[in-house]
Amino acid sequence: MSDARTSRETFRSRQRPTWIELNHEALGRNVAAVVKELAGVPLMAVVKADAYGHGSVAVARTALRHGASWVATATVAEALALRHDGIAAPILVLGYTPPEQVAAAVTGRLAVTVLDSEVLAALERAGAEQGHPASAHVKVDSGMSRLGVAAEELPAFVQSASELRHVELEGCYTHFRKGADRSATEAQLGLFLAALDRTEAAGHQFRLRHAANSAAWNTVPESRLDLVRSGIELLGLRTPDGRQREPVLSFRTTVAQVRAIAEGTYVGYEDSYRAARSMLVATVPVGYGDGFRRGPRNWGTVLIGGRERPLVGDVSMDLSMVDVSEPPEVAVGDIVTLIGKDGAAYLSAEMVADRLGTNNYEVTTELRGRIPREVRPAVRSDEPE
Ligand SMILES: Cc1ncc(COP(=O)(O)O)c(C=O)c1O
């Protein structure tokens with residue numbers, strides 16, 4: 001039996017001939033291993049942007065079941081989707097929450113990131129109206145120039161909130177621009193801790209001080225503080241400091257058609273490829289409408305029948321073409337691996353990232369919502385977190 005036939009017997013989705021497989025046994029093991037190594041420091045699973053394309057609800061549930069105690073999203077809507085699915089664990093919204101979204105966040109018992117007085121005032125109003133304190137984490141910019149109160153302004157900012165009766169300043173955090181770099185991270189951590197010391201001296205102590213992401217907790221262990229926020233590592237993608245647990249995501253499609261074409265035949269839009277010899281071309285139902293990028297560079301190759309095969313012609317929105325002239329023979333229905341393993345061959349998100357000229361975060365986060373996510377084993381929402 002050929003490798004191609006063997007691959008036809010592996011899992012496939014009933015929803016669409018293009019799908020993402022998510023190995024939640026691997027995810028659970030990754031989370032449990034991180035929790036163990038953190039030795040008592042709580043873990044916040046970062047599931048923003050649909051858990052970097054891995055499916056936020058299921059990833060959050062599996063992470064909580066394997067020892068994470070917090071979840072983080074980028075937006076209020078992402079967090080409310082978790083609540084809607086019945087997730088009761090504490091959730092922090094890491095991104096910018098504008099004043100008009102604060103009431104919905106407080107209703108959903110979300111912790112909101114604050115960095116200006118308008119959001120604080122909106123939290124105070126929502127907390128008073130809803131009769132329970134609004135939870136806030138103050139974000140400090142310690143050297144990334146992205147989002148947050150300047151480190152030197154933290155004491156004054158906290159002081160400005162001291163009269164608020166319906167806001168709990170529960171946490172304070174910063175984010176590292178280069179978590180794999182020891183000296184840059186130590187410098188940011190030093191600024192952050194000094195700002196916290198001055199705030200404490202002025203009379204406010206935060207219950208949760210946090211800073212580390214996947215790379216930083218390992219590079220600078222002192223950055224773990226009261227909570228570690230991790231995303232990439234839990235998903236088994238390579239961390240910026242070069243560590244990698246078990247990959248969770250595979251991205252696959254199926255051969256829809258195979259045809260023999262003569263020398264000189266065009267393949268794809270705009271004469272983007274012309275056959276220099278007679279060849280066999282397979283069409284696969286995946287394209288840039290799925291996040292299978294067209295340009296400026298594309299995937300380059302995919303795996304079919306246990307070997308690498310070059311893409312030919314431009315990737316279009318829903319379809320792409322592959323040169324399958326080389327053995328083993330390829331047939332309609334064969335599985336095509338775009339990220340993952342096929343026999344001994346492997347195409348990782350990191351290899352794809354190198355080809356596309358980006359990082360592994362972007363490769364999986366770009367995978368679009370129309371691709372069915374097949375979680376195995378299934379994650380049930382009626383089981384305890
Ligand atoms: C504020 C913040 N904290 C934590 C993380 C998690 O980072 P990582 O996935 O590298 O662990 C992110 C992700 O970009 C983030 O924006």
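Okay, let's start with what surrounds the ligand. There are 13 residues around it, and the ones that come nearest are Tyr52, Ser214, Arg229, Ile232 and Tyr361. A residue counts as near when one of its heavy atoms lies within 4 Å of the molecule. Before I go on, this is a predicted model, where local features need pLDDT of at least 70, side-chain atom pairs count only at pLDDT 80 or more, and totals for chains, interfaces and linings use all residues. Residues are numbered from 1 along each chain as its sequence is written, and side-chain values use heavy atoms, with hydrogens and water left out.

Back to that shell. It splits into 5 nonpolar, 5 polar and 3 charged residues. Here Ala, Val, Leu, Ile, Met, Phe, Trp, Tyr, Cys and Pro go under nonpolar, Asp, Glu, Lys and Arg under charged, and the others, Gly among them, under polar. Two elements, α3 (48-53) and β10 (228-230), each supply at least two residues of the shell. Those labels are DSSP runs numbered from the N terminus: helices are H or I with at least four residues, strands are E with at least two.

So which side chains have an N or O atom 2.5 Å or 2.6 Å from a ligand oxygen? Ser214 has one at 2.5 Å, and Tyr361 has one at 2.6 Å. For Gly231, a polar backbone atom is 3.0 Å from an oxygen of the ligand. Taken alone, the ligand exposes 390 Å², and the protein buries 93% of that; these areas come from the Shrake-Rupley method with a 1.4 Å probe.

Thr301 lies in β16, residues 301-304. Is Thr301 buried or exposed? Buried, at a relative accessible area of 15%. By that I mean under 20%, with exposed being over 50% and partly exposed in between, using a 1.4 Å probe and protein chains only. The Thr301 side chain also makes a polar contact with the side chain of Arg355, at 2.8 Å. Within protein, that's a pair of N or O atoms within 3.5 Å, one able to donate a hydrogen and the other to accept it, and residues adjacent in sequence count only if both atoms are side-chain atoms.

Then there's Val284 in β15, residues 279-284, which is buried with 1% relative accessibility.

Zooming out, the protein chain has 12 helices and 21 strands. Its C-alpha trace spans about 80 × 45 × 40 Å along its principal axes, and 52% of its 385 residues are buried.
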